[in-house]
Amino acid sequence: MLDRTDKRILAVLQADGRIATVELAERIGLSPTATSERLKRLTREGYITGYGARLDPRKLGLELMVFVEVSLDKTTPDIFERFAEAVRRAPEVLECHMVAGGFDYLVKTRVADMAAYRRFLGDVLLSLPGVTETRTYAVMEEVKSDGALPVA
């Protein structure tokens, strides 16, 4: 169970994962030793799953974000597993979620431009196991993309 201090630690880390333990301790009002122990516990218990850098996709030449609805020909455990294994190997796929509703998966991808997306669609997505239909939604503007979870 998380207390207020744990939640403050998580909120600060989401905003700045590179913060030094000493500075984090000052911001939350604990000693560096107590803060370090809490960090170890939060990691051990799976609240903190890792650290990474947020990269600017435009500077990397990945201008176009696309969401794709994917429908499969069969909804069997074997087809789901084969699709999931294949999509995990596709570097263009940022996220993939099995959903309930009128289609089976929602895929989030980033590519250079529409030509690159068409190549990805034809060479990768439509060749994945069980895929029978896709619907594409190109993103015109990212309104919010910080990805921070509400831990208040």
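Modeller: The lining of the largest pocket takes its largest share, five residues, from helix 1, a helix being a DSSP run (H or I, at least four residues; a strand is E, at least two) numbered from the N terminus. This is a predicted model, in which local features need pLDDT of at least 70 and side-chain atom pairs count only at pLDDT 80 or more, whereas totals for chains, interfaces and linings use all residues. Residues are numbered from 1 along each chain as its sequence is written, and side-chain values use heavy atoms, with hydrogens and water left out.

Biologist: What makes up the lining of the largest pocket by class?

Modeller: The lining has 19 nonpolar, seven polar and twelve charged residues, and Gly counts as polar in this scheme.

Biologist: Why is Val-12 called buried?

Modeller: Val-12, which is found in helix 1, has a relative accessible area of 11%, and because buried means under 20% (exposed is over 50%, partly exposed in between, with a 1.4 Å probe and protein chains only), Val-12 is buried. The C-alpha atoms of Val-12 and Ile-28 are separated by 8.8 Å, with the two residues 16 apart along the chain.

Biologist: Why is Ser-36 called partly exposed?

Modeller: Ser-36 sits in helix 3 (residues 32–44) and has a relative accessible area of 24%, so it is partly exposed. From C-alpha to C-alpha, Ser-36 and Gly-102 are 47 Å apart in space, and in sequence they are 66 residues apart.

Biologist: How many bridges join strand 2 to strand 3?

Modeller: Five bridges join them, and the two strands run antiparallel; two strands pair if DSSP finds at least two bridges between them, so strand 2 and strand 3 (residues 105–111), with five, are a pair. In strand 3, Tyr-105 is the bridge partner of Met-98.

Biologist: What is the order of strands in the open sheet?

Modeller: The four strands have the order 2-3-1-4, with antiparallel pairing.

Biologist: Which are the edge strands?

Modeller: Strand 2 (93–98) and strand 4 (131–138) are the edge strands, because each pairs on one side only.
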